[in-house]
Amino acid sequence: MSFVKELEKITKSLNDHIPNLLYFWSTALDVFILGDMSGTILAVNPALCRVLGYTTEELIGHKWMEFIHPDDLKSSEAERLALHARSVIKFKNRYIAKNGNIVHFEWSADTSGNTGKIVGVGRVVEVESAG
């Protein structure tokens with residue numbers, strides 16, 4: 001099979017799966033975050049917006065460290081840097097929601113091949129009410 005034919009076949013297969021992937025992204029209960037290696041948020045799924053109370057626009061383009069509980073900044077930065085040495089990490093940290101609640105997350109993060117991107121999948125473990 002020629003390179004062009006193979007590329008057309010792969011492209012069609014990917015296009016066939018895009019609606020399913022978008023449905024999965026938008027309906028998942030777990031939170032998904034895509035960032036670059038410097039920690040800038042590039043994409044978030046609706047679950048993260050619901051949990052933290054921020055809009056997509058309020059999150060994208062910001063460093064995720066801006067939303068992390070101050071007591072977890074050092075350990076969260078160490079985990080981000082660890083991704084340079086190994087591909088998959090698992091860790092816990094806390095984010096501060098827009099309403100002041102403290103949201104405890106359990107994360108699995110992975111570098112996305114050689115793209116310079118980090119993919120994080122998180123699960124809410126606990127929510128501490130602000131008031």
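Me: How do you know how far apart the mean positions of the positive and negative charges of the protein are?

Reply: The 14 positive and 16 negative charges have mean positions 4 Å apart. Lys and Arg count as positive and Asp and Glu as negative, while His and the chain ends are not counted. Each charge is placed at NZ of Lys, CZ of Arg, CG of Asp or CD of Glu. Please keep in mind that this is a predicted model, where local features need pLDDT of at least 70, side-chain atom pairs count only at pLDDT 80 or more, and totals for chains, interfaces and linings use all residues. Numbering runs from 1 along each chain as its sequence is written, and side-chain values use heavy atoms, leaving out hydrogens and water.

Me: Happy with that. Why is Asn45 called buried?

Reply: Its relative accessible area is 0%. Buried means under 20%, exposed over 50% and partly exposed in between, using a 1.4 Å probe and protein chains only. Asn45 is therefore called buried, at 0%. You will find Asn45 in the loop between strand E2 (41-44) and helix H2 (46-52). Helices (H or I, at least four residues) and strands (E, at least two) are DSSP runs, numbered from the N terminus.

Me: Which residues does Asn45 touch?

Reply: Leaving aside residues up to four places away in sequence, Asn45 touches Trp25, Ala28, Asp30, Val31 and Phe32. Contact here means heavy atoms within 4.5 Å.

Me: How do you know that E4 pairs with E3 and E5?

Reply: Two strands pair if DSSP finds at least two bridges between them. Strand E3 (residues 88-96) and E4 run antiparallel and are joined by 9 bridges; E4 and strand E5 (residues 117-128), also antiparallel, are joined by 10. Both counts therefore meet the definition. For landmarks, Val88 stands opposite Asp110 in E4, and Phe105 has Val124 in E5 as its bridge partner.

Me: What makes E4 mostly covered?

Reply: In strand E4 (residues 102-111), 7 of the 10 residues are buried.
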